[in-house]
Amino acid sequence: MADMQPISYSASAYTAELMQRPRQEGSDHSRLFRVSATSGQRLPHRCPTVDTAPMARGLEIIPPKQLRHIESQPNHTPRPVGRAQHPFRMDEECLRYTRQTKRNLFFGLIRAIGMVCFFSSIFLFTAGSIVIFFVSSPQNDINFSEYIEWAVKFYSFICMVALSMWGGANLVYRFFPGFASGYQPGPMWELNRRTGVVTVFANPAKKETAWQVAHQLPFHEFDCYLQSTPSHQGLPQFNLSLVHYREEAHVALVGMFGATSSHVEQRAAWDMVQRYMDTSQPLPDIPVFEMYRPLDPTTLAHDQRTGRPARYWRDMDDETFQQKVHEHQDKLNAFYRS
């Protein structure tokens with residue numbers, strides 16, 4: 001049986017007060033590193049930290065219904081065997097991130113293209129048939145029967161190809177999950193709540209170099225930058241870059257929190273990270289962390305003191321959760337746009 005005792009913080013664990021410590025002068029950042037990693041607006045460090053989270057990659061990442069489904073799985077435990085070696089984690093001890101394998105991305109893309117093409121073909125066939133039916137006449141040389149004959153052949157071929165892509169990818173995922181899906185052998189980075197340390201790994205893509213450490217530095221020595229890049233339509237896309245103030249150590253938070261058209265989402269993500277790392281405060285109160293709250297000493301003491309229900313999110317019905325989602329969005333808008 002997995003150990004369900006709360007973690008113990010190390011002497012280096014982060015609290016917001018550490019940001020008040022003076023830093024060494026000087027920086028080893030090259031010009032190229034500054035352009036790529038520290039461009040954009042530097043976001044503030046908060047003391048005390050605030051309990052907030054982005055929407056899609058925070059509050060809604062695992063809704064209550066999915067939490068209940070996870071709990072219903074046989075032998076479910078918040079601390080499964082092999083958790084320490086898993087390259088992707090969001091729990092009471094650390095935030096750890098890695099990319100999916102290239103094969104996973106390939107088969108995922110094939111499945112998505114097949115699904116989109118299948119439903120698009122049905123829509124275009126239906127819409128085209130309706131239009132041709134009303135505009136066809138001997139006067140304009142548009143024959144409805146000829147169109148239907150051609151459309152059935154053309155769209156049947158498209159649907160067969162789309163179904164082959166969609167269904168074929170699903171079969172590969174079902175019967176060969178170890179080949180088609182999964183993550184890279186090692187993590188890209190880790191933010192550890194228990195130790196207060198940020199770890200940047202060297203090369204997670206290959207087994208022989210996975211888990212090799214490039215940098216291990218205290219969280220309070222990192223700054224966060226709100227970066228903006230144009231989308232294909234020319235609209236701004238915001239993402240976060242976590243950068244050590246002196247060493248060339250860089251964490252691209254865009255992998256975990258994504259790029260968004262709203263800077264509000266990114267500001268909330270940075271505040272969630274600060275709250276997560278701050279061991280003087282409980283874990284962010286969002287569904288994904290609820291099963292881990294009894295395993296974190298500060299959070300456990302907070303919940304016992306305040307009487308927070310242990311299953312606050314997990315027992316919430318869908319309608320109430322959607323109400324909480326709307327309330328949280330209003331909270332973010334008021335906090336970051338005021």
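Student: Which helix does Asn 104 lie in?

Tutor: In this predicted model, Asn 104 belongs to helix α4, which covers residues 102–135.

Student: What makes Asn 104 count as buried or exposed?

Tutor: Its relative accessibility does. Asn 104 comes out at 8%, and buried means under 20%, so Asn 104 counts as buried.

Student: Which residues make the contact?

Tutor: From α8 they include His 263, Val 264 and Arg 267, and from α10 they include Leu 332, Phe 335 and Tyr 336. The contact residues of the two helices divide into five nonpolar, two polar and four charged.

Student: How do you know that Cys 47 and Cys 224 are too far apart for a bond?

Tutor: The closest cysteine sulfur to that of Cys 47 is in Cys 224, 17 Å away, whereas a disulfide needs sulfur atoms within 2.5 Å. The pair is therefore too far apart for a bond, and the disulfide count is zero.

Student: What is the accessibility of Cys 47 and of Cys 224?

Tutor: Cys 224 has 0% relative accessibility, so Cys 224 counts as buried. Cys 47, at 41%, counts as partly exposed, because that class runs between 20% and 50%.

Technical notes. Residues numbered from 1 in each chain as written. Predicted model: local features only at pLDDT ≥ 70, side-chain atom pairs only at ≥ 80, totals over all residues. Heavy atoms only, no water. Contact = heavy atoms within 4.5 Å. Helix = DSSP H or I, 4+ residues; strand = E, 2+ residues; numbered from the N terminus. Nonpolar A, V, L, I, M, F, W, Y, C, P; charged D, E, K, R; others polar. Buried < 20%, exposed > 50% of the residue type's maximum accessible area, 1.4 Å probe, protein only.
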